[in-house]
Amino acid sequence: MKYLSCGCCGCGFRTWKGYVDQDQDKGFGICKGCQGWIESLLNAELDQLANKIENALNIENASRFADMPAETRRLFATKAINDGLVRYTIKGRP
Ligand SMILES: [Zn+2]
């Protein structure tokens, strides 16, 4: 374990078992709280995309997709981006 500064909120934190090094400058990382915050934002984006995908499916497939667990829907949405089935544009903050 080592001590790092969070590149997101600036707090000092100690890494934990299983901590994955982030792509940050030396001595920096992302603290647990910010990792959770970032993941919740990502999940909200993927949930929105999954809803859009669901709306684009025929009724039978939309019904099957709606019954899938959230994590499966998010994986499907991620794969749809990676496979180029949907185009995802990141815009600046409003
Ligand atoms: Zn932080």
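**View 1. The two domains of the predicted model.** In this predicted model, the C-alpha centres of domain 1 and domain 2 lie 28 Å apart. The domain assignment of the protein places residues 1-30 in domain 1 and residues 33-94 in domain 2.

**View 2. M1 and its contacts.** M1 sits in the segment before strand β1, which covers residues 3-6. Around M1 there are 8 C-beta neighbours inside 10 Å, and because a residue with 12 or fewer is classed as exposed, M1 counts as exposed. When its neighbours within four places in sequence are left aside, M1 is in contact with R14, T15 and W16. A further distance that can be followed in this view is that between the C-alpha atoms of M1 and G18, which are 17 residues apart along the chain and separated by 9.7 Å.

**View 3. The packing of helices α1 and α3.** Two packed helices are described by the angle between their axes and the distance between the axes. Helix α1, made of residues 32-56, and helix α3, made of residues 70-82, pack at an angle of about 80°, and their axes are 8 Å apart. The two helices, α1 and α3, are therefore roughly perpendicular to each other, since angles from 65 to 115 degrees are counted in that class. On the side of α1, the contact is made by N43, L46, D47, L49, A50 and I53, and on the side of α3 by A70, R73, R74, F76, A77, T78 and A80. Sorted by class, the residues in this contact of α1 with α3 are eight nonpolar, two polar and three charged.

**View 4. Helix α3 and the glycine that follows.** After α3 comes G84, a residue whose phi is positive, near 80°.

View 5. From I38 to G12 the separation is 26 residues in sequence, and their C-alpha atoms are 18 Å apart in space.

**View 6. K52 of helix α1 and A77.** K52 lies in helix α1 and counts as exposed, with 12 C-beta neighbours inside 10 Å. K52 and A77 are 25 residues apart in sequence, while the distance between them in space, C-alpha to C-alpha, is 9.5 Å. A77 is one of the residues of α3 that make the contact with α1.

Key:
Residues are numbered from 1 along each chain as its sequence is written. This is a predicted model: local features need pLDDT of at least 70, side-chain atom pairs count only at pLDDT 80 or more; totals for chains, interfaces and linings use all residues. Domain bounds come from an automatic or database domain assignment. Axes are lines fitted to C-alpha atoms, for helices over the stretch in contact, and angles run from 0 to 180 degrees between N-to-C directions. Helices (H or I, at least four residues) and strands (E, at least two) are DSSP runs, numbered from the N terminus. Angles under 35 degrees count as roughly parallel, over 145 as roughly antiparallel, 65 to 115 as roughly perpendicular and the rest as oblique. Two residues are in contact if their C-beta atoms, placed from the backbone, lie within 7 Å. Ala, Val, Leu, Ile, Met, Phe, Trp, Tyr, Cys and Pro count as nonpolar, Asp, Glu, Lys and Arg as charged, and the others, Gly among them, as polar. A residue is buried if 20 or more other C-beta atoms lie within 10 Å of its own, exposed if 12 or fewer, and partly exposed in between; C-beta atoms are placed from the backbone.
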